[in-house]
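User: Please take me through this structure term by term, setting each value against the rule behind it.

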Amino acid sequence: MKFFVTGVNGQLGHDVMNELHKRGHEGVGSDIQPQYSGVADGSAVTTLPYVQLDITDSQAVSRVLEQVRPQVVVHCAAWTAVDAAEDEENIPKVRAVNVLGTENIAAACKKLDCKMIYLSTDYVFDGQGETPWEPDCRDYKPLNVYGQTKLEGELAVANTLEKYFIVRIAWVFGLNGKNFIKTMLNIGKKFDTLRVVCDQIGTPTYTLDLSRLLVDMAETEKYGRYHATNEGGYISWYDFACEIFRQAGYDTKVNPVTTAEYGLSKAARPFNSRLDKSKLVEAGFEPLPTWQDALTRYLKEIEE
């Protein structure tokens, strides 16, 4: 199959391109930079075809996808700087990328009659309570600009296409970019003690594992909304930090604090990021490995 992947300079797009190559699919990557600017690790993403594309330019999106003519588009590109999205001057840019850009991709997919995989987030919900969010729940109440624009992106896909997968993820980490694990390791090298919030609950998502699932999905016609994070149980950011330092062999002490005590954040964060993933199994997809196992493999990956 032929795939077109947006946002390959980010964590997930990088791994999706490598997974496609590994599985024998044809992949064309894109991002806004003139050339691929992610990790040059000698993997397939650095050698497979790359096309510069501004997804907010509808004519460019239509032209490029018409030229590539993919059977599947995996739309990873997004504005993901959650706090920066709250700044008044950034809101039009966030909307342009997350809403208009997604509308452009969906319209091009409809014209080509190809499948679309749209990556979304737990932030489309209000993060209240303790019950895991189900993928077909429509009780949307985003707490911040990022969540609102990702929700509008979801609706654009669902209202435009029939052949779509909307996949919500949370707490993402991968080789190609910034993430919580890299931040913790960097801080742990400089400080003996740090504070991490203990009242936001969810599950991490390793992009290497997620990319396998996304290609699995693309090879089917089991369309719809799904939740996909690693298995291993629901945890807090504090729990995650403790396990990161334990596996990395750091002596860093982690003190649990509430979100209110921690402060600093511009954007409101969901307390309940628990995502119900049972629909994956019901559809016959293989769940992602445990987050503990994913962390072990990831620490080895970033050491290499």
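Analyst: On a 1 Å grid over the protein atoms alone, a cavity is a set of points where a 1.4 Å probe fits but cannot get out; points are joined across faces, edges and corners, and a volume is the space filled by probe spheres set on them. By this rule there is one cavity of 30 Å³ or more. The model is predicted, so local features need pLDDT of at least 70 and side-chain atom pairs count only at pLDDT 80 or more, while totals for chains, interfaces and linings use all residues. Residues are numbered from 1 along each chain as its sequence is written, and side-chain values use heavy atoms, with hydrogens and water left out.

User: What makes a residue part of the lining of the largest cavity, and which elements give two or more residues to it?

Analyst: A lining residue has an atom within 4 Å of a point, and for the largest cavity, of about 30 Å³, these residues are Ser62, Leu65, Glu66, Ala108, Lys111 and Leu112. The elements giving two or more are α2 (58-68) and α3 (91-112), where helices (H or I, at least four residues) and strands (E, at least two) are DSSP runs numbered from the N terminus.

User: How is the second largest pocket lined?

Analyst: A pocket, unlike a cavity, is an open set with protein on both sides within 12 Å along at least five of seven lines. The second largest pocket has a volume of about 160 Å³, and its lining includes Lys182, Asn186, Gln247 and Glu303. Helices α5, α7 and α10 (291-303) each supply at least two lining residues, the largest share, four residues, coming from α5.

User: Why is the crossing of α5 and α7 called right-handed?

Analyst: A crossing is right-handed if the near helix is turned clockwise from the far one by less than a right angle, and left-handed if anticlockwise. Helices α5 (residues 180-190) and α7 (residues 237-248) pack at about 60 degrees with their axes 10 Å apart, the axes being lines fitted to C-alpha atoms, for helices over the stretch in contact, and angles running from 0 to 180 degrees between N-to-C directions. On that rule α5 passes α7 in a right-handed crossing. Contact means heavy atoms within 4.5 Å, and among the residues making it are Phe180 and Met184 of α5 and Trp237 and Phe240 of α7.

User: How do you know which strands stand at the edges of the sheet?

Analyst: Two strands pair if DSSP finds at least two bridges between them. Seven strands form an open, parallel sheet in the order β3-β2-β1-β4-β5-β6-β11; β3 (50-52) and β11 (224-227) each have a single partner strand, so one side of each is left without a neighbour in the sheet. The twist averages 20 degrees from one strand to the next.

User: What makes β1 and β4 a pair?

Analyst: Strands β1 (residues 2-6) and β4 (residues 72-75) share four bridges in the parallel sense, against the at least two required, and Val5 stands opposite Val74 in β4.
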